Amino acid sequence: MNQDTPVITVTHVSRAFGSKEVLRNINLQVNKAETFGLLGPSGSGKTTLVKLLTGIDEVSSGEVQVLGVKIPSLPMLQQIGYMAQSDALYTELSAKENLEFFAALYGLKGGNRTRRIADVMELVNLQEHLRKRVDQYSGGMKRRLSLAIALLHEPPLLILDEPTVGIDPVLRQSIWRELRELNRQGTTIVLTTHVMDEAEKCDRLGMIRDGELLAVDTPAGLMQASGSATIEEAFLYYGGARK
């Protein structure tokens, strides 16, 4: 796949739950090796869109394609690293047992599995807690373990829903350095965030409000288009709090 081929293509996508339309006519392309951020107020539809991209949820109308394959698609799950907003961990197991379980799901074996578990636990600074039961982890540690699991099988696409909530600023910086390195290696990253300095680190941002994608541009482009001096001002503008 060359650099210009979209990794994600969303075409006229809507999602309704009963009579409530949560997403309305979303059109979006995400390119190879970029970090694309979804920004919007709580309840704007970000998490619903993320679930449609992974195939966890299905569109009401329109189409989602990932790496040229229509979603949902079971084989495509091997190609996606997904970190949900709520941690999907087995709390009665140790971190190592959680990682081994997901490694088996992703088909990682032998020395490669051992190496990847060590690598991701080092990245999220949890090496010393590998054998600790997850129910003894703090909230921030659980977020870090969830991120480690998403990175485990080195997927070409990472989809992260609020990945750094509850993570201290120093570790957040190191995680962002790693995300940037993954971009350089060709990994595509889609994330949702409420943290403005993280939004500024994205290559492009999509502004969502009330289920509609209002604007897609670089952070600088969105600030210019909204007459804003900061990305926070642009967020308030597109979120409807500032005219």
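This report covers the pockets, a surface patch and the salt bridges of a predicted model.

## Largest pocket

The largest pocket holds about 500 Å³ of space. Its lining consists of 21 residues, and those nearest the centre are Tyr82, Phe102, Leu105, Tyr106 and Ile149. Sorted by class, the lining has 15 nonpolar residues, 4 polar residues and 2 charged residues.

Three elements each contribute at least two residues to this lining: strand S6 (80-83), helix H2 (95-105) and helix H4 (139-151). H4 supplies the largest share, with 4 residues.

## Second largest pocket

The second largest pocket has a volume of about 230 Å³. It is lined by 14 residues, and Arg116, Glu154, Glu178, Leu182 and Gln185 are the closest to its centre. Helix H3 (110-123) and helix H5 (169-184) are the elements that give two or more residues to the lining of this pocket. The most comes from H3, which provides 4 residues.

The lining of the second largest pocket divides into 7 nonpolar, 3 polar and 4 charged residues. In the largest pocket, the corresponding counts are 15 nonpolar, 4 polar and 2 charged.

## Nonpolar surface patch

Tyr90, Phe101 and Leu105 make up a nonpolar patch on the surface. Together these three residues have about 280 Å² of accessible area. Leu105 is also among the residues that lie nearest the centre of the largest pocket.

Tyr90 sits in the loop between S6 and H2. Its relative accessibility is 37%, so Tyr90 counts as partly exposed.

## Salt bridge between Glu34 and Arg204

The model has a count of 18 salt bridges. One of them joins the side chains of Glu34 and Arg204, with an N to O distance of 2.7 Å. Glu34 is in the loop between strand S2 (20-31) and strand S3 (35-39), while Arg204 is in strand S9 (residues 204-209), so this pair ties together parts that are 170 residues apart in sequence. Glu34 and Arg204 are both buried.

## Salt bridges around Arg115

Side chains of opposite charge can pair when their charged atoms come close. Arg115, found in helix H3, takes part in a salt bridge with Asp119, at 3.4 Å from N to O. Asp119 and Arg115 are separated by about one helical turn because they are 4 residues apart in helix H3. Both count as partly exposed: the relative accessible area is 32% for Asp119 and 38% for Arg115.

Arg115 also forms a salt bridge with Glu154, where the closest N and O atoms are 4.0 Å apart. This pair links distant parts of the chain, with Arg115 in helix H3 and Glu154 in the loop between H4 and strand S7 (157-161), 39 residues apart. Glu154 is partly exposed, its relative accessible area being 48%. Through salt bridges that share partners, Arg115, Arg116, Asp119 and Glu154 are joined into one network.

## A distance along the chain

Arg115 and Val216 lie 101 residues apart along the chain. Their C-alpha atoms are separated by 38 Å.

Terms used: Residues numbered from 1 in each chain as written. Predicted model: local features only at pLDDT ≥ 70, side-chain atom pairs only at ≥ 80, totals over all residues. Heavy atoms only, no water. 1 Å grid on protein atoms, 1.4 Å probe; cavity = no way out; pocket = protein on both sides within 12 Å on 5 of 7 lines; lining within 4 Å. Points joined across faces, edges and corners; volume = space filled by probe spheres on them. Nonpolar A, V, L, I, M, F, W, Y, C, P; charged D, E, K, R; others polar. Patch = residues over 30% accessible without salt bridge, like charges linked within 9 Å, V, L, I, M, F, W, Y side chains within 5 Å. Areas by Shrake-Rupley, 256 points an atom, 1.4 Å probe, with all protein chains shown as cover. Buried < 20%, exposed > 50% of the residue type's maximum accessible area, 1.4 Å probe, protein only.
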